[in-house]
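Subject: A structure to look through

Hello,

I am passing a structure on to you, and below it I have written out what was found in it. Please keep it open beside this message while you read.

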Amino acid sequence: MRRRDGGPARFEVFAYRAANLPADERASLLAVVSEMVQRHPDDEQLRFAQAILLEQSGRNEESLALAETLLLNSDEANLIVLKMSLLDKLGRRDEALAYMREAVTAQPENRRLRLILGRMLFERNEMTAAREA
């Protein structure tokens, strides 16, 4: 989906801001985004926004499944971070750490991913590995 000025629509911005909405308003926004996804199933920005809203609504398994589907065609850092966060929320911390290690290996120049990996290692008291991340 494109904005009127021709640039790609960035629906995830709305989704991130929805974190501060009351639950009923966020649910309404999720319903609208889900309806838009039905009309535009190939719009990855809409689907990413839907994944964010699902996470914010506590529907972590659904959000993870959607994030994993989107990651089949993308290595976007925001998607990687979403998947890692969801794995962590679901108590799959070892899997989240292994996934972040793979992501950093695939994108060693990505400072954001390296920083997140370093923080994860620091929290596990793996100081040497955290410094090297």
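Helices, as the word is used here, are DSSP runs of H or I with at least four residues, and they are numbered from the N terminus. Read in that way along the sequence, the protein chain follows the pattern α-α-α-α-α-α-α-α, which amounts to eight helices and zero strands. Please bear in mind throughout that this is a predicted model.

To begin with the chain as a whole, its C-alpha atoms fill a box of roughly 50 × 30 × 25 Å along the principal axes, and of its 133 residues 41% count as buried. If you take the contacts between residues at least 6 apart in sequence, 46% of them join residues at least 24 apart.

The axes of H2 (residues 23–39) and H3 (residues 44–56) come within 9 Å and cross at roughly 150°. Since angles over 145 degrees count as roughly antiparallel, H2 and H3 are therefore roughly antiparallel to each other, and H2 passes H3 in a left-handed crossing. On the side of H2, the contact is made by Arg 26, Leu 29, Leu 30, Val 33, Ser 34, Met 36 and Val 37, while H3 brings Leu 46, Arg 47, Ala 49, Gln 50, Leu 53, Leu 54 and Gln 56. Sorted by class, this contact of H2 with H3 has nine nonpolar, three polar and two charged residues.

Finally, is Asn 60 buried or exposed? Asn 60, which is found in helix H4 (residues 60–71), has a relative accessible area of 14%, and because the cut-off for buried is under 20%, Asn 60 counts as buried. Apart from residues up to four places away in sequence, Asn 60 touches Leu 54, Glu 55, Leu 86, Lys 89 and Leu 90.

Key
Residues numbered from 1 in each chain as written. Predicted model: local features only at pLDDT ≥ 70, side-chain atom pairs only at ≥ 80, totals over all residues. Heavy atoms only, no water. Helix = DSSP H or I, 4+ residues; strand = E, 2+ residues; numbered from the N terminus. Buried < 20%, exposed > 50% of the residue type's maximum accessible area, 1.4 Å probe, protein only. Contact = heavy atoms within 4.5 Å. Axes fitted to C-alpha atoms, helices over the stretch in contact; angles between N-to-C directions. Parallel < 35°, antiparallel > 145°, perpendicular 65-115°, else oblique. Left-handed = near helix turned anticlockwise from the far one by under 90°. Nonpolar A, V, L, I, M, F, W, Y, C, P; charged D, E, K, R; others polar.
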